[in-house]
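Dear colleague,

Please find the structure below, with its sequence. A short account of the findings follows it.

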Amino acid sequence: MSQAPKQKYETVIGLEVHLQLDTATKIFCGCANKFGEAPNTLTCPVCLGLPGSLPVVNEKALEYAIKVGLALNCTINPFVKFDRKNYFYPDCPKAYQISQYDFPICRQGYLMIETAEGEPKKVRINRAHLEEDAGKLIHDDAHNCSLVDYNRTGTPLMEIVTEPDLRSADEAYRYLQDLKLTLSYLGVSDCDMEKGSLRCDANISIRPMGEQKLGTKTELKNMNSFKAVKAGLEHEIGRHFAMLESGQSIVQETRLWDEARGRTFTMRSKEEAHDYRYFPEPDLVPLMLDNITVEKVKASLPELPMQKRERLMQRYQLAAYDANILVQDPVLAALFEQCAARYADTKKICNWINGPLMKELNERKTPAATIGLTAENLADLIKRVDEGVLSNLAGKDVLTFMIDTGQSVDTIIKEKGLAQVSDDSALEKIVAEILQEHQDIADQIRAGKESAVGFLVGQAMRKTQGKANPKKIGEIIKKTLSQ
Amino acid sequence: MELHALTAHELLGLIQEKKIAPKEILDAVRERIQTIDKDVKAYIRLNESRPDPGPCPIPIGIKDNMCMVDQETTCGSHILEGFKAPYDATVIDKLKRSGAMLIGNTNMDEFAMGSSTENSFFGATRNPWGLDRVPGGSSGGSAAAVAADEAIWAIGSDTGGSIRQPASFCGVVGLKPTYGRVSRYGLIAFASSLDQIGPIAKDVTDCALLLNIIAGYDNLDSTSVDLPVPDYTKALKKDVKGLKIGIPKEYFVEGLDPQVKDAVRAAVKVLEDKGARFEDVSLPHTEYGIATYYIIATSEASSNLARYDGVQYGIRELAQKVRKSPLLDMYDETRDIGFGPEVKRRIMLGTYSLSSGYYDAYYLKGLKVRTLIKNDFDKLFKDFDALIGPTSPTTAFKIGDRVNDPLSMYLSDIYTVSANLSGIPALSVPCGFSKEKLPIGLQIMAKPFDEEMLFRIAYAYEQSAQWHKQKPKL
């Protein structure tokens, strides 16, 4: 199905993101908060919901929640109160989830994103609250039973809910990307959708262009990657469009995205929706956050991606494109800034970082933080290329060695013999050889076909394993043939 | 010398003087249980182990709703049969450290829901003062065990009167401490915002000694309060001269047994003679207490008891044939056979009160009235040191009399629920007998964390009245 044509319908999307917080221990007990351990090894009476056990709030989780709220420009509610959300399911051992209902810790914020057209857009955050994660059910078809792993039970979760401000699947995707980036700057979560540390549900409706009233919405779940969110939403928008176009009406319901089949299907109807019977959690007394606590967290916030982007553009005269790439990884951005302190041409630094360095990192699949490359070495490398000591090509080889060994540019040049050959007599000798080997090309150049010079330069570079100075080679070729 | 008939402070004195060995006390109490528990049925199960006696080797009965390692805890319910907690409740931990001898799980109304201990899956406990009478509830097993000398001390829990009303019915001393004074960690919850663990003892001194052991802040219970624990026995020595005590007029209205009324009036006279000043006062929202209590308690209970679903522990019952789904059928079947009728009634009441569309009219309104009830007390405690009245409107009723009339059963808590709703401490001390020779209890209430005031008044009264010296004939 195709996407709803922009001219006829407007798409309205709101996202609910569940974010696991990377605290050392769980939200209401002292169990380790870790992924990938043997099932049911990270449990205690509290997270198992055993009779008589009681929750105690993890202050770190509270601090992280405040961090997220501040980074999303939210108002922090100083009155922290928890509520019980009641439902029966085997992954929920108390048969209620401790969550926040009428007093979420964060409300009324926003995140700035950039649309496909490059326009800034404010996506409003309605609320973000703290709650506990449920256990994990594993369905064993072979034995016709379900197994529960309670390791995940009690992992601190934040639910971040937007207003229905997103107007396309692509905007939703961009919001998620920027949200993830912001959260990764805060260091509160690894935001890995595949691991489930970031999960996303969406509310979708479409309405005729210009209409104020929202159309009937469906809720979409089970989108387990950023790509799946985009694909699932696109498909669901298309389904709404097709339904309305063919005169049918949308049924309010919860649907699941089936990645393999590339379609959505009904999970439960509105009538089957739960009555969660929220009420204040009597086991946790409400607490009042003082201003000092919030101010302290505020002071601990790092520079956020949008601020960094603005600053890089202004201070280093970077193009939006280059700044955008740099802010994706705070380590690279820092490398850039340290380099810029040693070397003036910031555009050139960007080209090295966003070009060959990113290519190397992608090929190795290693994060920038783990490599041995220092800003000093990178700045020196660029200088040597400028000075003509290294060709561009040899420079890239040097970069590879630098990443591996952390050695300085001069050490590598010396050890690998990568210094560019600029000595005239040596180059003249190479040119003579090339011309000898490619007499036909030489004739063409003599006949006026200047563009063929490039081919001979390339041959010379190959012969010298990139060490020749290509500019000089070209000059010598032309000089020789014009004699 | 019948050791089982002595109090804890008497026994500790004898041990100190090296007149008896701790082992003798335990043996005496166990023998007493062997002899008479077939009649009283105070215990659900006994702990056969013989721990090394510590500095305070007093045999103590534990209500069947506190978690203990290696010992089954069932809350008097079928649904928890077989459940052994992998951890000790904080109170249990404190008792073990003190060296107290945990001799068994005392009977209780299922999940502490009841006022007669008839709602136990394991059968009713009988009142030692009349075996055809209820011992009160829900801590009826604990109160009966202490009254019958089957334990020197006992631990109960009080959500709406579950320590004080059975203490009153059985002629022993029972205290509901201030909410937050004793850790609830390991107490299997009925209604979390009302539940409080407390001591049941043969006299006021023993009650103070036991509170000394179990009170205190616990970082595993966010609702416990970080205040220093005084030595409560020090409060016993202070007299009541000049204390200003209020008598709430709402506690002396229709439904109050004249014999109970007379006994309470007589007790007031005793304290007056000792120099306390009395004044009639009003707690204007008293009449809403029972309704408010049953909305809040059942709402919390409906959520607290939802975890008993057959998945992790206790019994599991599978359906004969699939009706909804194997999982939902298991929930239904397990809860259907696992819970008794009173528990089901309260789960339904609470579920209704919390349901969307009814929340504001019931639960939310209940919370508001709760605040009004608390305000009544706050106001009075600005001027008064304590309040005094009957613990329960009647003496122990006959077994079976009220089982089919839940409302009349609920009314036996009419004077006790307010202390839970407002969080204040309250104590029941024996103040006489009816002509059928059934005990009557006097309830004393004080401001939050002023348990010392309760002990001070109760001890002064007890020493004059001497009711605690009387024993049931068994």
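**Findings at the interface of chain A and chain B**

The side chains of D283(A) and R184(B) form a salt bridge, with 3.0 Å from N to O. Please bear in mind that this is a predicted model. The rule finds one salt bridge across the interface of chain A and chain B. Across this interface there are also 15 residue pairs in polar contact, with both residues at pLDDT 80 or more.

On the side of chain A that touches chain B, strand 4 (83–86) and strand 15 (279–280) of chain A each supply at least two residues. By class, that side of chain A has 21 nonpolar, four polar and five charged residues.

As to the extent of the interface, 30 residues of chain A are in contact with 37 residues of chain B. The area buried between the two chains is about 2,700 Å², and carbon and sulfur atoms give 59% of that area.

S193(B) lies in the loop between strand 5 (173–176) and strand 6 (196–201) of chain B. Is S193(B) buried or exposed? S193(B) counts as buried because its relative accessibility is 11%, and the cut-off for buried is under 20%.

The side chain of S193(B) makes a polar contact with the side chain of E300(B) at 2.6 Å, and another with the side chain of R370(B) at 2.8 Å. Apart from neighbours within four places in sequence, S193(B) is in contact with residues including P282(A), Y179(B), I296(B) and N420(B).

With kind regards

Note on methods:
Residues are numbered from 1 along each chain as its sequence is written. Chains are lettered from A and ligands numbered from 1 in the order in which they are written. This is a predicted model: local features need pLDDT of at least 70, side-chain atom pairs count only at pLDDT 80 or more; totals for chains, interfaces and linings use all residues. Side-chain values use heavy atoms; hydrogens and water are left out. Contact means heavy atoms within 4.5 Å. Buried area is the accessible area (1.4 Å probe) that two parts lose on being put together, summed over both. A salt bridge is a side-chain nitrogen of Lys or Arg within 4 Å of a carboxyl oxygen of Asp or Glu. A polar contact is a pair of N or O atoms within 3.5 Å; within protein, one must be able to donate a hydrogen and the other to accept it, and residues adjacent in sequence count only if both atoms are side-chain atoms. Helices (H or I, at least four residues) and strands (E, at least two) are DSSP runs, numbered from the N terminus. Ala, Val, Leu, Ile, Met, Phe, Trp, Tyr, Cys and Pro count as nonpolar, Asp, Glu, Lys and Arg as charged, and the others, Gly among them, as polar. Buried means under 20% relative accessible area, exposed over 50%, partly exposed in between (1.4 Å probe, protein chains only).
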